[in-house]
Amino acid sequence: MSTSVLRQEPLARPPGPRGRFLLGSLPEFAGDILGFLTGCVRDYGDFVRFRIPGYQVFLLQNPRDIETLLLTNRGNFVKHSFFWRHVTAIFGNGLLTSEGDFWLRQRRLAAPAFHPDRLAAYAGVMASYAERLASGWRDGETREVHTDMMRLTMEIVSKTLFDADVGEDVDEIGRSFDRIIEEIARRFRRPVRIPDGVPTPGNIRYRKGVALLDRIVARVLAERRARPGDRGDLLSMLLEARDDDGRPMSDTQLRDELITLFLAGHETTAIALSWTLFLLSRNPAAEKQLLGEIASVVGDRLPGFGDLPRLSYTDAVVREALRLYPPAYVIGREALADCVIGNYAVPARATLYFSPWVLHRDPRWFDDPETFRPDRWLDGSTSRVPRYAYIPFGGGPRVCIGERFAMMEGVLVLATLLRRFRFHMAGPDPTPFPSITLRPEGGPLMRLEKRRPEA
Ligand code: HEM
């Protein structure tokens with residue numbers, strides 16, 4: 001079978017680094033993923049080929065080619081890439097990783113939980129939980145804000161989607177999750193894949209971490225089954241779903257969907273908030289404008305769903321932070337059959353990557369791309385950015401199901417916290433740590449300054 005989206009005669013082979021005899025480009029890829037991908041595009045252009053052991057990889061930087069991958073010719077690509085193979089034990093066959101008709105059915109099942117009517121109901125939880133967090137902070141104290149953001153977004157996603165309270169488990173989940181993330185980062189950098197069952201120290205920590213998540217999900221399910229009934233949340237929808245033969249979802253499938261939504265639904269948003277607070281502390285003019293908007297739109301009360309249309313600068317701040325520090329910094333697919341993308345032939349089983357980190361810093365689309373400038377989203381300068389040149393949430397039918405949830409959460413949490421505190425860097429600037437997502441390593445450690453009411 002062969003599919004094609006042809007613009008010109010296909011060329012034989014895209015340019016790219018030759019790499020080493022056996023390891024290909026793995027040492028460079030593993031040593032500094034972001035630097036390597038950026039260098040590939042700088043040195044070889046919009047379509048780059050490189051090797052890592054066992055994989056032929058193509059890196060796409062042209063928005064038209066990314067559109068081909070995610071939308072126009074999507075039927076020829078699956079997610080079983082180099083990346084996802086490493087995390088099967090965590091996500092199983094949940095919404096992020098499943099394929100085909102099964103994925104479509106599960107996506108349709110989950111979609112009502114992200115409908116605007118439901119989102120409006122979540123707004124209150126988002127703002128009140130952020131307020132509860134801020135009310136425990138003291139003027140002048142120094143905090144690792146990423147830990148706080150993880151706790152907050154974990155509690156929000158658990159309450160809104162599963163009507164569950166994970167307050168007591170948050171620290172333990174956080175610690176296990178850190179270990180999982182470290183092990184996954186190591187796996188990306190290793191030339192050979194060590195199966196999960198081999199008892200290396202990393203695998204043992206990883207399996208313990210996954211087992212803890214399993215226990216918490218089993219508890220949430222057991223609690224719900226002990227007090228059944230439709231609460232209108234996502235968990236109710238999943239529990240009530242029946243297949244064509246009238247059978248409910250299996251416990252394994254429920255576990256996979258719950259863990260997927262729990263993890264995908266909090267870590268990314270926490271990262272986005274942490275980078276946003278860091279960027280604001282380094283950009284006082286943007287911070288001032290943001291505080292002005294929050295004061296005039298929200299004043300003394302908590303922000304709500306109805307305020308969102310008027311919090312346009314706050315929205316632009318989150319959007320701009322997602323441009324510079326996209327939590328999903330690289331996205332991959334695998335080709336099912338030989339095909340043509342743009343001017344190049346791509347063989348079956350090839351891995352295709354594109355990197356929001358590299359794309360979002362492309363000077364063809366963004367003036368002064370390294371600069372944090374939220375105004376660019378309001379002054380018309382991004383109006384000609386192609387659809388697939390700014391993709392923090394991916395694109396096509398597999399676009400993030402939580403995109404609006406996340407943007408709303410980012411805006412409401414930011415508006416709530418900044419009503420009460422200003423955040424100043426109290427340690428070194430965090431560095432991006434690429435694992436499943438792009439975490440801020442080393443903090444940010446921030447000093448909190450309580451805001452006085454305006455005179
Ligand atoms: C700033 C926050 C977020 C970012 C940057 C983000 C990013 C992404 C990206 C890039 C994808 C597509 C991956 C691919 O094509 O391979 C994705 C998919 C997904 N995201 Fe998000 N996400 C965020 C928040 C959320 C939230 C809040 C939820 C749920 C509450 C969520 C749930 C999911 C799920 C279930 C998928 C898989 C969708 C599917 O394949 O049908 N995400 N996300």
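Analyst: Five residues come nearest to the ligand in this predicted model: Trp103, Arg107, Arg333, Arg398 and Cys400. They belong to a shell of 26 residues around the ligand. By type, that shell divides into 17 nonpolar, five polar and four charged residues.

Where does the ligand sit? The space taken by the ligand is the largest cavity. Several elements give two or more residues to the shell around the ligand. Among them are three helices: H5 (100-110), H11 (251-264) and H12 (267-281). Strand E6 (331-335) and helix H16 (403-420) are also on that list.

Now the contacts with oxygen atoms of the ligand. Trp103 places a polar side-chain atom 2.7 Å from a ligand oxygen. Lys79 also uses its side chain: a polar atom there lies 3.3 Å from an oxygen atom of the ligand. Leu95 takes part through its backbone instead, with an N or O atom 3.3 Å from a ligand oxygen.

Arg333 is found in strand E6. Is Arg333 buried or exposed? Its relative accessibility is 8%, and the limit for buried is under 20%, so Arg333 counts as buried. His80 is 253 residues away from Arg333 in sequence, yet their C-alpha atoms are separated by 6.5 Å.

Arg349 gives another picture. Arg349 lies in the loop between strand E8 (344-346) and strand E9 (351-354). Exposed means over 50% relative accessible area, so Arg349, at 66%, counts as exposed. Its C-alpha atom and that of Trp377 are 38 Å apart. Along the chain, Arg349 and Trp377 are 28 residues apart.

Start with Arg439, in strand E12 (residues 438-441). Arg439 counts as buried because its relative accessibility is 10%. Which side chains does Arg439 contact? One is Asp178, joined to the side chain of Arg439 by a polar contact of 2.8 Å. Another is Glu267, whose side chain makes a polar contact of 2.7 Å with that of Arg439.

Arg224 is found in helix H9 (residues 201-226). Arg224 is buried, because its relative accessible area is 4%. The backbone oxygen of Phe162 lies 3.0 Å from a polar atom of the Arg224 side chain.

Finally, the cysteines. At 32% relative accessibility, Cys400 falls between the 20% and 50% limits, so it counts as partly exposed. Cys339 is buried, because its relative accessibility is 3%.

How many disulfides are there? A pair of cysteine sulfur atoms must lie within 2.5 Å to count, so by this rule the count comes to zero. Cys339 is in no disulfide. Its nearest cysteine sulfur belongs to Cys40, and that sulfur is 19 Å away.

Notes: Residues numbered from 1 in each chain as written. Predicted model: local features only at pLDDT ≥ 70, side-chain atom pairs only at ≥ 80, totals over all residues. Heavy atoms only, no water. Buried < 20%, exposed > 50% of the residue type's maximum accessible area, 1.4 Å probe, protein only. Near = heavy atom within 4 Å. Polar contact = N/O pair within 3.5 Å; in protein donor to acceptor, adjacent residues only side chain to side chain. 1 Å grid on protein atoms, 1.4 Å probe; cavity = no way out; pocket = protein on both sides within 12 Å on 5 of 7 lines; lining within 4 Å. Sits in = over half its atoms within 2 Å of the grid points. Helix = DSSP H or I, 4+ residues; strand = E, 2+ residues; numbered from the N terminus. Nonpolar A, V, L, I, M, F, W, Y, C, P; charged D, E, K, R; others polar.
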